[in-house]
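Student: I would like to learn how to read a few features of a fold. Could we go through them one at a time?

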Amino acid sequence: MRAFIFPGQGSQAVGMGTALAAASGVAREVFEEVDDALGEKLSKIMAEGPEETLTLTANAQPAIMANAIAVLRVLQREGGISLADKVDFVAGHSLGEYSALCGAEAFSLAQTAKLLRLRGEAMQAAVPVGVGAMAALLGADIEKASRIAEAAAEGQVCTVANDNDPTQVVISGHREAIERAVAMAKDMGAKRGLLLPVSAPFHCPLMQPAADAMQAALAAAQIQAPLVPVYANVTAAPVADVDTIRALLVEQVTGMVRWRESVAAMAEAGVTEFVELGGKVLTGMVKRIAPDATATSVVSMDDIEALLNSL
């Protein structure tokens, strides 16, 4: 059994998609369609930067999605593969869940781009710059990270945001609380705490205004039943029902990304092959969560050809 997985924020880089677009008309079409949907040349920012513009949440989210979907469309249209025939499940990390839903044809590409632009803007606007922060706790599992977050909170928000793999958990909340957590991480059994260069505290209760904005947007969005079940971040379980997908995407804005559990559940369900489209971040996590499974990153034309030869 095989799962296609889609990366989240942090996997963007200036130059992303450029070689693929040069090699494939199908990839170029994806980038053009996203540009048209957003009414601006996001593809130019992806290709040329500057990095600080690409890293803005409102740009990074649709850019990462566009890059992943470009890889998928090349596989489908030039490689002749059918998602429903070759893939049993899809999943994505945070914004990657939207990419997964787009890949499974629950959302159109244009709608996904617009939703992610809105999601990025709403997340950025939810908390004034400097009020929130996020940190990675390295060498900490979910139990250890939860204890550290609880000890550091002192009446402020400080919660687990991403349960990435058995050795890395990300926390999110008020900046002072996150800084306290980083300071006490080593003494409480983590290898170290590391403040992340993000512009807002994602996946914590401070994001409620963004969740409200997404609830309104998703209520109006056209959603089809996905071609294959999607593992949802907030439940770590497969979902195919349209109303449930809508509700879980709203919950995901403030909820924890249960990535470790999602990968473990897919492996438990029989997935032996994980293929990350458009990034390389999740592949390492998968290897730490499900060491018996294979994990492959597919970014370039060479990667696509290698994957097609193996299917």
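Student: Which residues does F4 touch, leaving aside those up to four places away in sequence?

Tutor: This is a predicted model. In it, F4 is in contact with L72, L75, I81, L83, V87, F89, V90, A91, V275, L277 and L307.

Student: Which residues have the most contacts inside the largest nonpolar core?

Tutor: F4, F6, V90, M207 and L277 do, in a core of 82 residues. Helix α5, residues 57-77, is the main contributor, giving 12 residues. There is also a second, separate core, with 19 residues, including V160, V169, A181 and A190.

Student: A181 belongs to that second core. Which residues of helix α10 are buried?

Tutor: In α10, which spans residues 175-184, A177, I178 and A181 are buried. They lie on the same side of the helix, because their arc around the axis is only 100°. Among the elements covering these buried residues are β3 (132-138), α9 (142-153), β4 (158-165), β5 (168-174) and β6 (192-195).

Student: Now the sheet. What is the strand order in the open sheet of 6 strands?

Tutor: In general, strands of a sheet pair through backbone hydrogen bonds, and the pairing is either parallel or antiparallel. Here the order is β8-β7-β2-β1-β9-β10, and the pairing is mixed. The edges are β8 (238-239) and β10 (294-298); each has a single partner strand, so one side of each has no neighbour in the sheet.

Student: In which sense do β7 and β8 pair?

Tutor: β7, residues 230-231, is antiparallel to β8, with 2 bridges between them. Y231 is opposite P238 of β8.

Student: Which strands does helix α7 touch, and at what angle to β2 does it run?

Tutor: Helix α7 (96-103) packs on the sheet and touches β1 (2-6), β2 (89-92) and β7. Its direction makes about 150° with that of β2. Helix α14, residues 281-289, lies across β1, β9 (273-277) and β10, and runs at about 180° to β10.

Student: Last, a single side chain. Is Q252 buried or exposed?

Tutor: The cut-off for buried is under 20% relative accessible area. Q252 has 1% relative accessibility, so Q252 counts as buried. This residue is part of helix α12, residues 242-254.

Student: What joins the side chains of Q252 and R119?

Tutor: A polar contact of 2.7 Å. Leaving aside residues up to four places away in sequence, Q252 touches R119 along with S94, E97, Y98, H203, N233 and V234.

Notes:
Residues are numbered from 1 along each chain as its sequence is written. This is a predicted model: local features need pLDDT of at least 70, side-chain atom pairs count only at pLDDT 80 or more; totals for chains, interfaces and linings use all residues. Side-chain values use heavy atoms; hydrogens and water are left out. Buried means under 20% relative accessible area, exposed over 50%, partly exposed in between (1.4 Å probe, protein chains only). Helices (H or I, at least four residues) and strands (E, at least two) are DSSP runs, numbered from the N terminus. The arc is that of the directions from the helix axis to the C-beta atoms. Contact means heavy atoms within 4.5 Å. A nonpolar core is a set of buried Ala, Val, Leu, Ile, Met, Phe, Trp, Tyr and Cys residues joined through side-chain atoms within 4.5 Å. Two strands pair if DSSP finds at least two bridges between them. Axes are lines fitted to C-alpha atoms, for helices over the stretch in contact, and angles run from 0 to 180 degrees between N-to-C directions. A polar contact is a pair of N or O atoms within 3.5 Å; within protein, one must be able to donate a hydrogen and the other to accept it, and residues adjacent in sequence count only if both atoms are side-chain atoms.
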